[in-house]
Amino acid sequence: MIDLNEAGDGMEQTAPVWAVFGDLMSGLLGAFVLILVGVLVVQMDLVASLESEMAKRRQEEQRRMALEKALAIPLASGRVTLANGRIGISGSVLFAVNSDQLRPDGRQLLKSLVPPLQVYLGERDEMLMVSGFTDNKPISEGNRRFEDNLELSAQRALTVTRALIEEGMPSARVFAAAFGAEQPVAANTDEPGRTKNRRVEMAPVARSTPAKLAP
């Protein structure tokens with residue numbers, strides 16, 4: 001015969017085992033759910049970041065194409081370049097060496113840029129930064145007008161800025177910046193490289209103030 005007392009003792013010993021196993025499974029399930037939620041959150045963040053980056057690239061591409069369209073004629077002449085949204089003009093087109101006096105041909109080139117740039121900037125409510133750059137050769141000792149390359153680049157940027165304003169660019173739409181020999185685009189080890197570094201660049205930039213500007 002089965003002793004009922006012994007059977008009861010066996011059931012009492014088995015019940016806690018199943019309770020512990022159930023608690024363990026519940027804990028594992030909870031941990032799995034937390035991990036799954038974490039993975040989903042990370043994936044959602046990655047998707048949102050990817051979509052944001054793609055939208056940014058589409059916007060930059062549209063901006064580049066619009067700028068190319070606006071400057072189609074000057075770009076076709078080969079005297080103006082466009083790279084990464086920056087309009088480049090060789091310093092030799094605009095100025096003689098170690099000079100901030102605008103050449104007549106350079107003046108005409110700037111005049112041709114004003115109408116398309118004015119329309120482009122007005123449509124986007126942006127400003128135009130005019131930046132001056134030089135090579136790394138020191139200013140000649142006989143040139144007493146400029147302290148160094150930084151001052152020369154500043155005066156050239158100001159000359160171009162004033163010329164654009166005189167040709168119809170609203171003064172609130174344009175400003176000057178100087179970089180001297182910093183940020184070269186070629187090595188300064190030979191004359192072709194130094195020639196590339198003697199340049200003026202113009203780049204549309206976002207406004208820093210909320211005031212509405214004239215188109």
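**View 1. The largest nonpolar core of the predicted model.** Of its 25 residues, Ile89, Leu110, Leu128, Val130, Leu164 and Met202 touch the most other members. Two or more residues each come from β2, α3 (91-94), α4, β3, α5 and β5. Helix α4 gives the largest share, seven residues. A nonpolar core is a set of buried Ala, Val, Leu, Ile, Met, Phe, Trp, Tyr and Cys residues joined through side-chain atoms within 4.5 Å; buried means under 20% relative accessible area (1.4 Å probe, protein chains only). Helices (H or I, at least four residues) and strands (E, at least two) are DSSP runs, numbered from the N terminus.

The model is predicted: local features need pLDDT of at least 70, side-chain atom pairs count only at pLDDT 80 or more, and totals for chains, interfaces and linings use all residues. Residues are numbered from 1 along each chain as its sequence is written, and side-chain values use heavy atoms, with hydrogens and water left out.

**View 2. Surroundings of leucine 128.** Leaving aside residues up to four places away in sequence, Leu128 touches Leu117, Leu121, Leu164, Met169, Arg173, Val174, Phe175, Met202, Ala203 and Pro204 (contact: heavy atoms within 4.5 Å).

**View 3. The open sheet.** Five strands with mixed pairing follow the order β1-β2-β5-β3-β4. At the edges, β1 (81-83) and β4 (174-180) each pair on one side only. Strands pair if DSSP finds at least two bridges between them.

**View 4. Pairing of β3 with β4.** Strand β3 (residues 126-133) and β4 are parallel, paired over six bridges. Methionine 129 stands opposite phenylalanine 175 in β4.

Conventions: Buried means under 20% relative accessible area, exposed over 50%, partly exposed in between (1.4 Å probe, protein chains only).
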